[in-house]
Amino acid sequence: MLEDLRTLVEVESPSRDLNALRKSAETVAGVIEARLGGRAVLVESEGGPHVHWSGGGTPRVLVLGHHDTVFPLGTLARRPFLVEHGRATGPGVFDMLGGLVQAIHGLAGLEDRSGVEILVTADEEVGSHFSRALIEERALACGAVLVAEGAADGGAVKTGRKGCGTFEVSVAGRASHAGLEPAAGVNALVEAAHQVLDIAGLARPEIGTTVTPTVASAGTLDNVVPAQATVVVDVRVESADEKERVESAFAALSPHLDEAVITVKGSVGRPPMPESAAAGLFALARQLLPGLEGRAVGGGSDGNFTAALGVPTLDGLGAVGGGAHADHEYLLVGSMAERARLVAGLVDAIRSA
C-alpha cells in the first residue's frame with residue numbers, strides 16, 4: 001500500500017490543471033488495473049478525466065473517491081512523500097490518495113469482485129460540476145455508496161455532512177476622483193461593507209448554519225472612488241430548509257447606496273447529507289469493527305450528492321490522519337490495513353444483504 005501511495009502522491013494533481021489531472025488519472029487507472037485486474041476506463045470531462053472500474057456482474061456497491069488535490073504544482077518538491085515515525089506525509093496523502101489506495105487493496109483481497117464499481121473523479125475539490133451527473137448515475141445503478149474520503153478525528157467514519165456552497169456578491173458603483181469629486185461617485189467598497197454585515201447576519205450557528213465572508217476585493221488606486229467590489233462567501237447548512245432560506249436571502253440582497261447595483265452568483269451546490277442515509281451501512285461497519293465511531297462533520301464531499309438521492313452512503317472510510325488541505329497533512333500507517341479490510345468487509349456485507 002505504501003508503494004502505491006508513493007506512486008499516486010508523486011504525480012501531482014491540482015484541480016483544474018488538465019495536463020496534470022490526465023497524468024494522475026492514468027496513474028490511478030494503472031494502480032487499479034495492477035491490483036484488481038480488468039480495465040479502468042478514463043471518462044473524459046471538461047474538469048479532467050475521471051476513472052471508472054467495474055468488477056462485472058450486477059452493480060451492487062460504488063466505491064467513490066477523487067484524485068484531484070488542492071495543492072499547486074511544485075508542492076511535492078517542498079514537501080516530498082515521506083514515511084517516518086508511523087506517519088506518511090506529502091501532498092494529498094490524507095485527502096484523499098490514502099483512502100483510494102486502501103480501498104483498492106481492500107478489494108484486492110476479495111476473491112469475488114463482481115458487483116463492485118470504483119469511480120475516482122477529477123474535480124471534487126472544486127465543486128464536482130463536471131462529475132456530479134456521473135456520480136449520481138452510478139450511485140443509483142449500484143444502490144449503495146462507500147466514500148473513501150479521510151476519516152473524522154480519531155478514525156470515526158462520517159455519518160452526516162453539511163450542505164455547502166459558495167456565493168459571489170459583486171457590487172457595481174461609479175468611479176470619481178476621491179479628492180476633487182468624491183460625492184460624484186458611488187463607492188462600491190462602502191456598499192460591499194454594508195453587504196458583508198448583512199450577509200454575516202444570515203448565519204444561524206445554533207442550528208448549524210454558517211455564513212462566512214472569506215475573500216473581498218475592491219478599488220484600483222488610492223485616489224479613485226472604487227467602481228467595483230466583490231465579496232466571496234462560504235455557506236454551510238444542515239437542512240434543506242436552511243438551504244432554501246439562505247439561497248433566497250442572497251437573491252434578495254439589495255443595495256444601501258443609491259445607484260449601486262448588486263449581482264449575486266452561486267448556490268448551496270452540495271445538498272446536506274442526512275445521518276439517516278448512513279444509518280444502515282454504519283450499523284454494518286460497527287459489526288465489522290466494534291467500537292467504530294460515527295460523526296457528522298461540516299465539510300462536504302461527493303457523498304452529499306448520493307445521499308441526497310436516497311442512496312445509502314457511508315463516508316470517511318479512507319485514511320486515518322489529519323491536516324486536510326494543510327502543510328501538516330498526514331496519514332497513520334498503522335491504520336491502513338484495518339481500513340482496507342473494513343471496505344472489503346462492507347462490500348461483502350452489502351452484496352450478501
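A residue counts as buried when its relative accessible area is under 20%, as exposed when that area is over 50%, and as partly exposed in between, with a 1.4 Å probe and protein chains only. By that definition Arg 161 is buried, because its relative accessible area is 7%. The model is a predicted one, in which local features need pLDDT of at least 70 and side-chain atom pairs count only at pLDDT 80 or more, whereas totals for chains, interfaces and linings use all residues. Residues are numbered from 1 along each chain as its sequence is written, and side-chain values use heavy atoms, with hydrogens and water left out.

Arg 161 lies in strand S8, which covers residues 157-161; strands (E, at least two residues) and helices (H or I, at least four) are DSSP runs numbered from the N terminus. A polar atom of the Arg 161 side chain lies 2.7 Å from the backbone oxygen of Gly 299. When residues up to four places away in sequence are not counted, Arg 161 touches Glu 149, Pro 272, Met 273, Val 297, Gly 299, Gly 300, Ser 301, Asn 304 and Asp 315, where contact means heavy atoms within 4.5 Å.

Another buried residue is Glu 136, with a relative accessible area of 19%, and it is found in helix H5 (residues 132-142). Leaving aside neighbours within four places in sequence, Glu 136 is in contact with Phe 305 and Leu 309.

We turn next to the packing of helices. Two packed helices are described by the angle between their axes and the distance between the axes; here the axes are lines fitted to C-alpha atoms, for helices over the stretch in contact, and angles run from 0 to 180 degrees between N-to-C directions. The axes of helix H2 (residues 18-36) and helix H4 (residues 93-108) come within 9 Å and cross at roughly 20°, and H2 and H4 are therefore roughly parallel to each other. Angles under 35 degrees count as roughly parallel, those over 145 as roughly antiparallel, those from 65 to 115 as roughly perpendicular, and the rest as oblique. In this contact Val 31, Ile 32, Arg 35 and Leu 36 of H2 meet Ile 104, His 105, Leu 107 and Ala 108 of H4. These residues divide into six nonpolar, one polar and one charged, with Ala, Val, Leu, Ile, Met, Phe, Trp, Tyr, Cys and Pro taken as nonpolar, Asp, Glu, Lys and Arg as charged, and the others, Gly among them, as polar.

H4 also packs with helix H10 (residues 336-352), at an angle of about 55° and with the axes 8 Å apart, which makes H4 oblique to H10. On the H4 side the contact is made by Val 101, Gln 102, Ala 103, Gly 106 and Leu 107, and on the H10 side by Met 336, Arg 339, Ala 340, Val 343, Ala 344 and Val 347. By class, the contact of H4 with H10 has eight nonpolar, two polar and one charged residues.

Some backbone details remain. Most residues other than glycine have a negative phi, and most peptide bonds are trans. Asp 95 and Met 96, however, are joined by a cis peptide bond with omega about -5°, and Met 96 has its place in helix H4. Arg 16, although not a glycine, has a positive phi of about 75°; this residue sits in the loop between helix H1 (2-9) and H2 and is exposed, with a relative accessible area of 65%. His 325, also not a glycine, has a positive phi of about 70°; its place is in the loop between strand S15 (321-322) and strand S16 (330-332), and it is partly exposed, with a relative accessible area of 44%.

Conventions:
Polar contact = N/O pair within 3.5 Å; in protein donor to acceptor, adjacent residues only side chain to side chain.
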